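Please keep the sequence and the structure in view while reading.

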Amino acid sequence: MKIRIVIPTQRDQTTLNDLEHNYSRISNKNTEISFSFISNGLDLDRPYHEIIPLLPEVVYKIKEAERDGVDGVVVAHYLDFGVAAGRELVSIPVLGSGHTTYRLASVLSRRISIITSVQSHIRPIKNILSAESVLSKVISIKAIKLDQQGKKDISEQWPESLLKLSCSVVESDGSNLIVLALNGFENYSSQINEHLNNIKKRIHVIDPLTVTIKHAENLVNMKLSHSKITYPKPEIREILGYDRLQFK
């Protein structure tokens, strides 16, 4: 089985190392994980309107994966941009980290908190939750607040701020499940789980990319994919400015 993870940012060795360290090991032993980056990606901590222009190349990468003989595609971002359009162009399973994880969370809990890393992403997260009919089970969506004094300072604040906010949504909001909708590819879920267990807060903490990789494997094993009636193949026409999207 081959699973392609589409990363909506530019390739750099640190990101690739994090991905290989944190996610290649979670797949089944018969699964081959590959990573595909886009050529002009921005930092994913940008405001929502700045990352949406990445959609055309994400869609291209989805189509490219099918042409490479991949069995399933995971878009590694909790806002799921490119997923619906990509499904129209391919027959293999295409999953976004957002809707896949929010759906699972709604099965496991009725008091869900979502922690994100960008304030302006809260509204589009709510839109996905509403579309998936799970918004009523989410009691809070909060963004980590950091002092913007430089990357080094931010990186040093990050783990501590994430732990504090995780404790807050449990103690103040009454959450019993946390979804980490974070920009970045380091899996913090086990660290936060351990920390909360140490203070006698036994709740689940979910990493979206982990959930989505496992779900993609299950769909491939069951020979299931999205409905081509729901996502019909579009008429192929010339799209000025997007030559790479001409799939004939």
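Helices (H or I, at least four residues) and strands (E, at least two) are DSSP runs, numbered from the N terminus. By this definition the chain holds 9 helices and 8 strands. The model is predicted: local features need pLDDT of at least 70, side-chain atom pairs count only at pLDDT 80 or more, and totals for chains, interfaces and linings use all residues. Residues are numbered from 1 along each chain as its sequence is written, and side-chain values use heavy atoms, with hydrogens and water left out.

Of the 248 residues, 50% count as buried, a term for under 20% relative accessible area, with exposed meaning over 50% and partly exposed in between (1.4 Å probe, protein chains only). Where contact means heavy atoms within 4.5 Å, 74% of the contacts between residues at least 6 apart in sequence join residues at least 24 apart.

A nonpolar core is a set of buried Ala, Val, Leu, Ile, Met, Phe, Trp, Tyr and Cys residues joined through side-chain atoms within 4.5 Å. The largest such core has 37 residues, and Tyr102, Ile114, Ile125 and Leu129 have the most contacts inside it. Among the elements that each supply at least two of its residues are helix H5 (97–108), strand E5 (112–116) and helix H6 (122–131). Apart from this core lies another, of 18 residues, including Leu16, Phe35, Leu209 and Val220.

Helix H8 (residues 189–198) has Ser189, Ile192, Asn193 and Leu196 as its buried residues. Viewed down the axis of H8, these residues fall within an arc of 105 degrees, so they line one face of the helix; the arc is that of the directions from the helix axis to the C-beta atoms. Glu194 and Asn198, on the other side of H8, are exposed.

The whole structure contains 7 salt bridges, each a side-chain nitrogen of Lys or Arg within 4 Å of a carboxyl oxygen of Asp or Glu. In one of them, Glu64 meets Lys61 at 3.5 Å, N to O. Glu64 and Lys61 are 3 residues apart in helix H3, about one helical turn. An α-helix has 3.6 residues a turn, so residues three or four places apart point the same way. Lys61 counts as buried, at 10% relative accessibility. Glu132 forms a salt bridge with Arg103, their closest N and O atoms being 2.9 Å apart. Because Glu132 lies in the loop between H6 and E6 and Arg103 in helix H5, this pair ties together parts that are 29 residues apart in sequence.
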